[in-house]
Amino acid sequence: MKKTIITLLFFIWTSITIFAQLVQTSSGKTVRYDLYIADTTVTLGGEEKHAIAVNGQIPMPTLTFTEGDTAEIWVHNNLDEETSLHWHGLFLPNRYDGVPYLTQNPIAPHTTHLYKFPIIQHGTHWYHSHSSFQEQIGMYGAFIMLKRNDEPEIPTLNLVLSEWTNMNPEEVHRSLKAASDWFAIQKGATQSYGEALISGHLGTKITNEWKRMNAMDVSDVYYDNFLINGKNQNEEPQFKAGDKVRLRIANAGASDYFWLTYSGGKITVVATDGNDVEPVEVDRLIIAVSETYDVVVTVPENKSYEFLVTPEDRTGSASLWLGSGEKVPAQKLPKLKYFAGMEMMNDMMDMNGNIIEMEGMRMQNQQMDMNTVMYPEITGYDEMEDMDMKEMGHHHQNQEEQDIVTLNYEMLKSTKKTTLPDGPVRELKFELTGNMNRYVWSMDNKTLSESDKILIKKGENLRIIIFNNSMMRHPMHLHGHDFRLLNGQGEYAIMKNIIDIMPMERDTIEFAASEPGGDWFFHCHILYHMMSGMGRVFSYENSPPNPDLPDPENAIQRLYDDDREFHLMGRAGVESNGSDGEAMYSNTRWKLQTIWHLGYHDEHGYESETFIGRYLDRMQWWYPYIGFDYHFKREGGPKNIFGEEEKNMFGQKSNKNNRKAVVAGIAYTLPMLFIADARVDSDGKFRFQLSREDISITSRLRFNMMVNTDKEYMAGFRYILTKYFSASTHYDSDMGLGVGITVTY
């Protein structure tokens, strides 16, 4: 009898539970949004510029759902170009992930596309265009998923952080590929020889270039404004003394990390990438590109307190003011100490361009921010530029000595166990690689287009070990999955969809291959790094065909086109003694180049060289090439300091005054960034040349030089006036002294 009663009670309890779950599930509703994408103009950077607005606004509308809902999002593309929308951090059917040519065909101009998927998670997320550079000019917005039956305890504000450039983002990307230092000039970050000499860092500068490194920087692009919800200054005056506010923060910037500080006291971190964590109090945190954090702040008195958002390079800021009354500003972050960073960088990198892993130093999970040497605001760090790496590591381990508590991943603990389900474990290793000189970003020295898809099986667990062997930090994002970040919290390791990996770090993430199939992107979320090739595709084996991608073979080639794109660049001088210059058409590996030196008469001569070549090795210091050289010059002209030119320095009869020859050679980047170029032509003549361009004397003054075994030489200066124009002068062994203007593109 007793057993029967227990069985009956268990049956009743089970029935009630199932019924409650069914009621809960059925309570989910279909929530529809219509998004109208259109061109617009804005003055966010003080000048009227083209942008893309959705429903007439930037950022795009905040989309809000409740766990259990079905999202029905109609996208109306009123642009004259293709577009797409990616739902960052969402678990959804692969066909709706929104990566053009990987999970769908792009949305064609003047057509409508439906994204429809269930909402099966909660938290702060965001969405953005995954087409070309549209994200940079307005296509980003908040995507909020509320917990079911969970009333917010305190007021909540959604903050979408971004940056604005008046420069067309296509031109930004081309300029980065062309190694323009215009952005560094705008930031005051050129680190020239003059600045090094005045500040006592000449040895640091020489060591830096001896190791073939460019000037230190922490971000790639100069921006004209920084925005919170589309504005630089935001006010929320309704809050009173004692009020707590939850800020749902998404970094929708294309390439900027942001420091978050608050004048009203501590910042309490309660979630990251949509996943709850045990509350942690800090003084500040850095939010990586594409990362999200939920934080809680308190308004201590009836005043207006500044929540300050500062880009990592500290070239500006944006503010949210909480409360009304007297304004209480947050302390502005001072200018970075770039030469201290350069000294650190010199210690970190060997002569082959590889990061040196220091013995006994634990480099993972942001625990040791090597860039700290550049932060003058942290107590005790002003003298750190005189420390070696090991001393700095010891200093870092005494975190309690610091006045400022900065968040790192090891401080975060999930509110629930996050261990992966049972299944076979497969380990993968990736090395993040890059070349700032030519702006190539890759993994294991291969761009996306140079690599194969990584096949994975449903039900297996992937453990991924990532080592950052580059001098930039990278926010690596996995589509469609959350991963565990092994951060020392055991079973309570945090779940994320993006991990910020600093130089020299080795981090481990793991995720369950739980999706039914499809191709899922894994890439650096700095827009210009992704477009330059830093990514991979995880592909489930035996995936069913994607109905939104009828020609997958052609589509993947279109995806690969991004990092295979060729860019035009060059310079042309018009001076009193003639014109010299070069034009290049290059991509990740290949370069087609024409060089010319044209005098105004025969005694000055006319020369042009056209060749094509391919860069080799990870650092691309080797450049073999073939081409054609035309050179004509009559006797006369300036006197040559090397004497008669009838023979070259190898004792061969010179053909430089009347040369029409095929050439083959190889160029190599030497320490101090000099280019050594050895070649032979179809007449059997050898030539060796040594040259160096753009030696930074001051922030705007550049020095160039060249000498070769044909007894040709040149030296000149260029003073940068604008991005494209410089005042220039040079002396050439054939053309003599000239003064004029140089156009750089």
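Which side chains meet in a salt bridge with a distance of 2.6 Å from N to O? They are those of D500 and R473, a salt bridge being a side-chain nitrogen of Lys or Arg within 4 Å of a carboxyl oxygen of Asp or Glu. D500 lies in strand β28 (residues 498-501) and R473 in the loop between β24 and β25 (474-478), so this pair ties together parts that are 27 residues apart in sequence. Helices (H or I, at least four residues) and strands (E, at least two) are DSSP runs, numbered from the N terminus. D500 is buried, with a relative accessible area of 0%, and R473 is buried as well, at 5%. Here buried means under 20% relative accessible area, exposed over 50%, and partly exposed in between, with a 1.4 Å probe and protein chains only.

The model is predicted: local features need pLDDT of at least 70, side-chain atom pairs count only at pLDDT 80 or more, and totals for chains, interfaces and linings use all residues. Residues are numbered from 1 along each chain as its sequence is written, and side-chain values use heavy atoms, with hydrogens and water left out.

A search of the whole structure finds 47 salt bridges. Side chains of opposite charge can pair when their charged atoms come close. E306 forms such a bridge with K332, their closest N and O atoms being 3.5 Å apart. This pair links distant parts of the chain, 26 residues apart: E306 is in strand β18 (residues 304-311), and K332 is in the loop between β20 (327-328) and α6. E306 is buried, at 2% relative accessibility, whereas K332 is partly exposed, at 47%. A further salt bridge joins the side chains of E510 and R463 (3.2 Å, N to O). Because E510 lies in strand β29 (residues 506-512) and R463 in strand β24 (residues 461-468), the pair ties together parts that are 47 residues apart in sequence. E510 is buried, with a relative accessible area of 7%, while R463 is partly exposed, at 28%.

The nonpolar interior comes next. In soluble globular proteins, nonpolar side chains tend to be buried together. A nonpolar core is a set of buried Ala, Val, Leu, Ile, Met, Phe, Trp, Tyr and Cys residues joined through side-chain atoms within 4.5 Å. The largest one has 153 residues, of which I73, W87, F117, F143, L247 and F307 touch the most other members. Helix α6 (residues 338-348) gives the most to this core, with 7 residues. Apart from it lies another core, of 6 residues, among them F611, Y615, Y625 and V663. Helix α6 is itself mostly covered, 9 of its 11 residues being buried; these include Y338, F339 and M342. L247 has contacts (heavy atoms within 4.5 Å) with residues including L157, Y293, F307 and L320, not counting residues up to four places away in sequence.

Some details of the backbone deserve attention. The peptide bond from I58 to P59 is cis, with omega near 0°, and P59 lies in the loop between β2 (49-54) and β3 (63-66). N55 is found in the loop between β2 and β3 and has a positive phi of about 55° although it is not a glycine. N55 counts as partly exposed, at 36% relative accessibility. D444, in the loop between β22 (440-443) and β23 (454-456), has a positive phi near 55° and is likewise not a glycine.
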